[in-house]
Number of protein chains: 4
Amino acid sequence: MHVFLLYMAKKENSGLSCHRIEALTDGIFAFAMTILVLSINIPLSSSSLEGKSVADTLLMQADKLVNYGMSFLLLAIFWLSHHRVFDHLKFVDSKLIWGNVFLLMFIALMPFSTELANEFPRDSVSDFLFAFNLFIIGLIYYLLWSYATKGRRLVKPSLDQDQINRTKKSLIAICAISVLAMILAFVHPIFSSMVYLLIPIVLWMTKSKNK
Amino acid sequence: MHVFLLYMAKKENSGLSCHRIEALTDGIFAFAMTILVLSINIPLSSSSLEGKSVADTLLMQADKLVNYGMSFLLLAIFWLSHHRVFDHLKFVDSKLIWGNVFLLMFIALMPFSTELANEFPRDSVSDFLFAFNLFIIGLIYYLLWSYATKGRRLVKPSLDQDQINRTKKSLIAICAISVLAMILAFVHPIFSSMVYLLIPIVLWMTKSKNK
Amino acid sequence: MHVFLLYMAKKENSGLSCHRIEALTDGIFAFAMTILVLSINIPLSSSSLEGKSVADTLLMQADKLVNYGMSFLLLAIFWLSHHRVFDHLKFVDSKLIWGNVFLLMFIALMPFSTELANEFPRDSVSDFLFAFNLFIIGLIYYLLWSYATKGRRLVKPSLDQDQINRTKKSLIAICAISVLAMILAFVHPIFSSMVYLLIPIVLWMTKSKNK
Amino acid sequence: MHVFLLYMAKKENSGLSCHRIEALTDGIFAFAMTILVLSINIPLSSSSLEGKSVADTLLMQADKLVNYGMSFLLLAIFWLSHHRVFDHLKFVDSKLIWGNVFLLMFIALMPFSTELANEFPRDSVSDFLFAFNLFIIGLIYYLLWSYATKGRRLVKPSLDQDQINRTKKSLIAICAISVLAMILAFVHPIFSSMVYLLIPIVLWMTKSKNK
């Protein structure tokens with residue numbers, strides 16, 4: 001019990017408890033994931049159908065539903081990463097909090113990037129910006145994790161070095177995949193969004209040993 | 001006290017605490033239920049009235065308010081089911097978390113399905129898609145519950161077999177009602193949405209003995 | 001400590017913990033209060049100004065900002081009431097939960113009612129519907145409180161009868177004020193929204209002795 | 001342990017626990033920060049491009065993305081201030097709660113002010129209103145803090161006078177910067193938004209000694 005209270009006390013060391021940071025983070029993730037639904041943005045008023053049936057209109061714009069699903073899953077992956085990173089923290093300091101704020105800024109921008117990709121399918125610029133948004137998110141995660149684990153500054157002693165390295169590798173992989181998508185956006189826009197299918201494969205590979 | 005702490009420790013066994021999964025889930029449910037209000041979407045600018053009074057316009061589109069209420073109640077039912085399922089979990093594993101993510105993806109899609117049903121009342125395709133969305137949600141719940149309770153993998157030992165079976169039956173019933181609504185959407189669109197009135201009756205029947 | 005744990009156990013008696021109901025409720029209130037900002041809905045595109053300056057446009061539509069503030073404060077009052085009611089609960093049962101769901105349905109409808117009042121200022125129908133929404137909320141609160149306190153079914157024994165009665169009176173007063181606003185909407189639309197100023201006065205009067 | 005429970009009991013002294021106020025506050029901040037993304041409002045439909053490329057359209061309206069980032073960071077700063085202020089409270093009373101409600105009202109208004117600034121860049125009125133919104137937020141914070149710390153009414157005894165004064169100074173500085181931005185909005189609209197760069201500098205100066 002004492003250990004538990006000591007641990008709690010430590011967590012609030014910086015005057016900034018993990019609890020409320022997680023509450024804000026969960027709120028922003030939940031909201032960004034739900035507001036994605038507004039990015040589907042299929043013209044639904046009867047006048048916009050122009051003689052086509054509802055089924056035709058939806059089928060023609062099915063890629064918007066696919067994009068919705070993809071962005072939702074990517075945000076879920078990032079939310080789980082956030083979860084894993086913060087679960088290993090002993091306490092948080094000002095730098096980590098500001099890193100987290102910048103992370104959330106680009107998380108909250110995802111519905112905009114998704115809408116952009118939805119409005120201009122197979123457009124180099126919109127595909128590039130979507131990939132760029134992911135790259136920034138991956139990069140900030142990597143920097144946060146490096147900062148927190150350097151000399152085990154902010155992480156619990158129970159966390160083994162092997163796991164620190166595996167998390168690092170998976171974050172580098174997400175950055176690399178985003179860069180690949182950014183390049184493909186200008187070369188073969190059609191393949192750009194397919195690259196993201198590599199993310200679950202990479203995550204599964206870097207996490208297979210761990211539980 | 002020790003028992004309590006041990007139990008807590010167990011819950012966080014997988015490195016993924018129930019607490020933050022519930023926070024994200026509650027956030028997405030709360031937001032999906034509130035953003036439904038945007039799906040009412042009655043043209044309200046003075047210019048769109050075209051000489052009709054406010055009262056006439058609202059009465060003519062009263063079915064949109066009914067749909068809002070129905071979707072709100074269905075989401076509330078699903079939220080309560082989530083609640084009941086997660087209350088019986090000892091701990092969560094990766095598969096359950098990903099199942100939960102897919103569940104939330106279709107929960108967050110409900111405002112879109114509702115808007116679709118609002119824009120094209122008595123249209124076979126939009127009624128079918130609304131029912132299909134419900135069917136997917138019911139199916140994922142059923143799969144999650146089957147997975148969690150198989151050999152009491154993730155549920156507490158105190159949960160009796162009778163309750164496991166009753167929950168299963170009620171989830172199968174929700175799936176069956178959705179399939180019925182999907183069929184009726186093409187046969188008698190008018191009756192399609194009335195089928196959902198069966199859901200509270202079924203829930204009351206399968207839960208009457210419990211509590 | 002034991003007392004505390006026993007109390008916790010009691011709270012979860014019905015298989016439905018207060019904690020997650022409060023989380024959903026707080027989420028819906030927070031979101032309804034924030035999404036109100038979308039109901040301000042002042043046409044802001046440069047083309048809609050039609051030669052008027054930004055300042056003129058805003059001044060002409062200042063009543064929308066007043067309505068935003070009023071709805072925000074009313075929701076805050078209802079959130080505080082929710083708080084006070086739930087703080088006195090020993091545990092929750094199914095009926096209370098469903099009452100709460102219906103309450104939240106009309107809370108989440110407030111941004112719609114506010115937008116309606118914003119679009120048609122001094123229109124009898126929109127003023128009536130705004131008042132009607134408030135009336136339903138007040139009525140559900142009254143029914144919830146009556147149900148929970150009858151024979152002290154769900155409330156803690158420490159709650160004295162005097163406080164139960166004062167809370168009842170304040171909820172009846174909110175209903176009465178709403179009915180008055182509903183009538184005035186058809187007689188003197190201009191005075192209809194002024195009636196709400198009575199709410200803080202009544203709340204202050206019924207709560208003055210307590211704390 | 002006893003001290004801890006006593007402290008908890010004290011926090012709930014007024015019948016209004018800090019916990020749910022923080023939940024509502026975190027929810028409103030999270031939503032306001034995420035809904036900012038809707039204020040970017042770059043016309044994205046293919047028809048609105050009028051022959052310009054996607055890249056050109058985005059570059060021409062890049063200031064909207066800058067405004068998004070700025071408003072997001074300002075809200076993050078205010079959220080952290082809220083955090084710091086509430087962490088030092090022993091308990092909350094009615095006056096503090098109502099002050100907090102008014103604070104949240106202007107926090108939830110930020111997406112509107114940002115949209116206004118986005119639609120009319122370098123317009124005196126919209127820049128003034130954005131600065132005015134910030135000023136009101138800073139002022140309410142200052143009043144809340146003065147009220148809570150006067151005779152250490154609501155704050156913990158462990159809080160030293162030096163920290164109380166430094167927090168006061170930083171809040172006065174935010175108000176002063178907002179007033180400066182309000183004046184500059186009419187003199188040199190271009191410089192008005194640059195003034196906000198002073199906020200992080202001031203915050204860093206008033207907090208440097210602490211931690």
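Two residues are in contact if their C-beta atoms, placed from the backbone, lie within 7 Å. By that rule, the contact between chain B and chain A takes 25 residues from chain B and 24 residues from chain A. The model is predicted: local features need pLDDT of at least 70 and side-chain atom pairs count only at pLDDT 80 or more, while totals for chains, interfaces and linings use all residues. Residues are numbered from 1 along each chain as its sequence is written, and chains are lettered from A and ligands numbered from 1 in the order in which they are written.

**Interfaces**

Helices here are DSSP runs (H or I, at least four residues), numbered from the N terminus. On the side of chain B that touches chain A, helix H2 (18-35), helix H5 (94-107), helix H6 (110-119) and helix H7 (124-149) of chain B each supply at least two residues. H2(B) has the largest share, eight residues.

Chain D meets chain C with 24 residues from chain D and 24 residues from chain C. Helices H2 (18-35), H5 (94-107), H6 (110-119) and H7 (124-149) of chain D each give two or more residues to that side of chain D, and H2(D) gives the most, with eight residues.

The table divides the two sides by class: Ala, Val, Leu, Ile, Met, Phe, Trp, Tyr, Cys and Pro are nonpolar, Asp, Glu, Lys and Arg are charged, and the others, Gly among them, are polar.

**Relation of the copies**

Chain D is superposed on chain C by a rotation of 90° with 0.0 Å of shift along its axis (RMSD 0.0 Å), by least squares on the C-alpha atoms of residues with pLDDT of at least 70 in both. The two copies are thus related as by a four-fold rotation axis. Only 8% of the interface residues of chain D are also interface residues in chain C, so the copies meet through different surfaces.

**Inside chains B and C**

The axes of H2(B) and helix H4 (residues 62-87) of chain B, lines fitted to C-alpha atoms over the stretch in contact, come within 10 Å and cross at roughly 170°. H2(B) and H4(B) are therefore roughly antiparallel, a term for angles over 145 degrees. Among the residues making this contact are Phe29(B) of H2(B) and Trp79(B) of H4(B). The contact has eight nonpolar, two polar and one charged residues.

In chain C, Ile107(C) touches Ile28(C), Phe29(C), Ala32(C), Leu75(C), Phe78(C) and Ile137(C), not counting residues up to four places away in sequence.

Methods: Axes are lines fitted to C-alpha atoms, for helices over the stretch in contact, and angles run from 0 to 180 degrees between N-to-C directions. Angles under 35 degrees count as roughly parallel, over 145 as roughly antiparallel, 65 to 115 as roughly perpendicular and the rest as oblique.
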